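Open your viewer and get ready to select residues by number. This tour tells you what to pick next and what you will find there.

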Amino acid sequence: MSTFALENESDFAAYLDPNFGHGITAVYTDISTETSTNINVILNEEFINQSGESIDVESTVPMALCRSIDVINAVHGDTLVVASRNDLDGNVLKSETTYKITSVQPDRTGFTMLILEEQ
């Protein structure tokens, strides 16, 4: 639950709504209980710059922003299957993708960032 008095779980759900918000549908699987749940996430490909000894390496890392209440027991190794992403004309930009969760970062405001690795 959010610690901010002005936001609540329904506000967060609206923000992640695939039809009226910024979200897309995903299936979160808890590997310890082998249960799957449909959740909404915002999927980003964040830019990273890793400094090396002689050169820097630039890349992107997939990350999913979701409601903390949807991934309360998330741990490294759980999976997230993201539905295909389409443009406004229905053309597939990226087909359905399975990700393994490599980091769980709750922000203590009601959202959690899941750092992902494409499988």
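In what order do the elements of the protein run from the N terminus on? The order is α-β-β-β-β-β-β-β-β. That makes one helix and eight strands. Helices (H or I, at least four residues) and strands (E, at least two) are DSSP runs, numbered from the N terminus.

Two notes before you click. This is a predicted model, where local features need pLDDT of at least 70, side-chain atom pairs count only at pLDDT 80 or more, and totals for chains, interfaces and linings use all residues. Residues are numbered from 1 along each chain as its sequence is written, and side-chain values use heavy atoms, with hydrogens and water left out.

**Stop 1: the whole protein**

Show the C-alpha atoms. They fill a box of roughly 50 × 35 × 35 Å, taken along the principal axes. Of the 119 residues, 31% are buried. Buried means under 20% relative accessible area, exposed means over 50%, and partly exposed lies in between (1.4 Å probe, protein chains only).

**Stop 2: the salt bridges**

Side chains of opposite charge can pair when their charged atoms come close. How many salt bridges does the structure hold? There are three. A salt bridge is a side-chain nitrogen of Lys or Arg within 4 Å of a carboxyl oxygen of Asp or Glu.

Select R67 and D70. Their closest N and O atoms are 3.0 Å apart. R67 is buried, at 17% relative accessible area.

Next, select K94 and E118. This salt bridge spans 3.1 Å, N to O. K94 sits in strand β6 (residues 92–94) and E118 in strand β8 (residues 111–118), so the pair ties together parts that are 24 residues apart in sequence. K94 is partly exposed at 26%, and E118 is partly exposed at 45%.

Now pick K100 and E117. Here the closest N and O atoms are 3.9 Å apart. K100 belongs to strand β7 (residues 97–106) and E117 to strand β8, so this pair ties together parts that are 17 residues apart in sequence. K100 is partly exposed, at 30% relative accessibility. E117 is partly exposed too, at 39%.

**Stop 3: a charge without a salt bridge**

Go to D78, in the loop between β3 (57–67) and β4 (79–82). D78 is buried yet has no salt bridge. Which side chain of opposite charge is nearest to D78? It is K100, 11 Å away. Lys and Arg count as positive and Asp and Glu as negative; His and the chain ends are not counted. The side chain of D78 reaches the backbone nitrogen of I31 at 3.0 Å.

**Stop 4: two positive phi values**

Most residues other than glycine have a negative phi. Select E34, in the loop between β1 (24–30) and β2 (35–50). Its phi is near 55°, a positive value. E34 is exposed, at 71% relative accessible area. Then jump to R108, in the loop between β7 and β8. Phi of R108 is near 65°, also positive. R108 is exposed, at 74%.

**Stop 5: the largest pocket**

Which residues line the largest pocket? Select I24, L43, S84, R85 and N86. By class, this lining has two nonpolar, two polar and one charged residues.

Note on methods
On a 1 Å grid over the protein atoms alone, a cavity is a set of points where a 1.4 Å probe fits but cannot get out, and a pocket is an open set with protein on both sides within 12 Å along at least five of seven lines; lining residues have an atom within 4 Å of a point. Ala, Val, Leu, Ile, Met, Phe, Trp, Tyr, Cys and Pro count as nonpolar, Asp, Glu, Lys and Arg as charged, and the others, Gly among them, as polar. A polar contact is a pair of N or O atoms within 3.5 Å; within protein, one must be able to donate a hydrogen and the other to accept it, and residues adjacent in sequence count only if both atoms are side-chain atoms.
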